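Student: I am new to this structure. Can you show me how to read it?
Tutor: Gladly. Take a look at it.

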Amino acid sequence: MSTTPLIERYREFLPVSDSTPIVSLGEGGTPLVELPRLSDRAGVRMLAKVEGANPTGSFKDRGMTMAVSKAVEEGAEAVICASTGNTSASAAAYAARAGLKVAVVIPEGRIAAGKLAQAMVHGAKVLALDGGFDAALDIVREVVESHNVALVNSLNEYRIDGQRTGAYEICDVLGDAPDVLAIPVGNAGNVSSYSLGFAGYRDAGRSTRVPVLFGFQAEGAAPLVLGRPVNDPETVATAIRIGRPARGEQALGAMVDSGGAVAAISDRDILEAYRLLATQEGVFCEPASAASVAGVLRRAADGDIAPGSTVVCVLTGHGLKDPDMAINRSPAVQQLPAELRAVEEALFG
Ligand SMILES: *Cc1c(COP(=O)(O)O)cnc(C)c1O
């Protein structure tokens, strides 16, 4: 994390002026971490862009610093979003920072505990609807038509602008764009941002090329892979449990034009990548994020990625967002009497 606001660091690439009041929590500047054991396994150089290191624990902060700064500039009284969790956590924090009211509309159940805690602690009005994410988004879109409230979902163009900075940072650290960027896809806002970010950086002469973009959806929530909406999306990766991606068309075009594609990953493979990242690399991300790593392991095995390629996996959110998942997927805690012998027995057999 950096103390300089993200918007200041990339001001020349962002639609801000001297009269934009910058609302920042020190977002961006997240680590790009080598994954040596997974690299050996895949036969490519894998790195993780650890977006869980953002202030509220997900990449959403890159977009939210822009969206909330512009909402203040434009005189909004409040912000609202529909969210599978991380957008609401980020919106709640940045709105609190800006002194704006905030409401978040979430699908019933299945919001990871950490994300809900964040929205609540920052003082958001939290409304849970007895429907899925897609229905929640339809409703907030109608609300903003007749009220002075800014919509901060990824339909908000400023979100997309802010999230382009992830691509800039990767180029700045590597010295150029990687060969491949792998990314989980929900509403397809982030993959759209990365695509625009890499292209813009190359056009500005800050890098020489753009990467192949591989997007990954969960098998039970894969509308872009199937080519049709999914009515009841289901996956353990709740952050990408979306059946009608708001930016599907745009993102699909970007992935195909880059020489890449979108593919579906089973929950089993997602959870295996989640476990490997945590146990073999020391990197704790949320399940949706691990879809990028699971996807690269699969594509490398299928020969879709040239051996030795540099591959950046975007790990979109922090593992602590979903503590129940981590605890349920790990070996049980051992209960012992408070005695040396019992502890020695448990440790050394
Ligand atoms: C929002 C989110 C995604 C999906 O991003 P989109 O822009 O909707 O495609 C993936 N992972 C995490 C952790 C998220 O919070």
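Student: Which helix gives the most to the lining of the largest pocket?
Tutor: Helix H6, residues 133-145, with three residues. Keep in mind that this is a predicted model.

Student: How many residues line the largest pocket, and which lie nearest its centre?
Tutor: The lining has 20 residues. Gly131, Gly132, Phe133, Pro233 and Arg241 lie nearest the centre of the pocket. The space inside is about 310 Å³.

Student: How do the lining residues of the largest pocket divide?
Tutor: Sort them by class: six are nonpolar, six polar and eight charged.

Student: Where does the ligand sit?
Tutor: In the largest cavity. A cavity is a space where the probe fits but cannot get out, whereas a pocket is open.

Student: Which residues around the ligand come nearest?
Tutor: There are 16 residues around the ligand, and Lys60, Asn86, Asn187, Asn190 and Thr316 come nearest. By class, this shell has six nonpolar, eight polar and two charged residues.

Student: Which helices each supply at least two residues of that shell?
Tutor: Helix H9 (189-203) and helix H13 (287-301).

Student: How much of the ligand's accessible area does the protein cover?
Tutor: On its own, the ligand has 390 Å² of accessible area, and the protein covers 97% of that.

How values were computed
Residues numbered from 1 in each chain as written. Predicted model: local features only at pLDDT ≥ 70, side-chain atom pairs only at ≥ 80, totals over all residues. Heavy atoms only, no water. Near = heavy atom within 4 Å. Areas by Shrake-Rupley, 256 points an atom, 1.4 Å probe, with all protein chains shown as cover. 1 Å grid on protein atoms, 1.4 Å probe; cavity = no way out; pocket = protein on both sides within 12 Å on 5 of 7 lines; lining within 4 Å. Sits in = over half its atoms within 2 Å of the grid points. Helix = DSSP H or I, 4+ residues; strand = E, 2+ residues; numbered from the N terminus. Nonpolar A, V, L, I, M, F, W, Y, C, P; charged D, E, K, R; others polar. Points joined across faces, edges and corners; volume = space filled by probe spheres on them.
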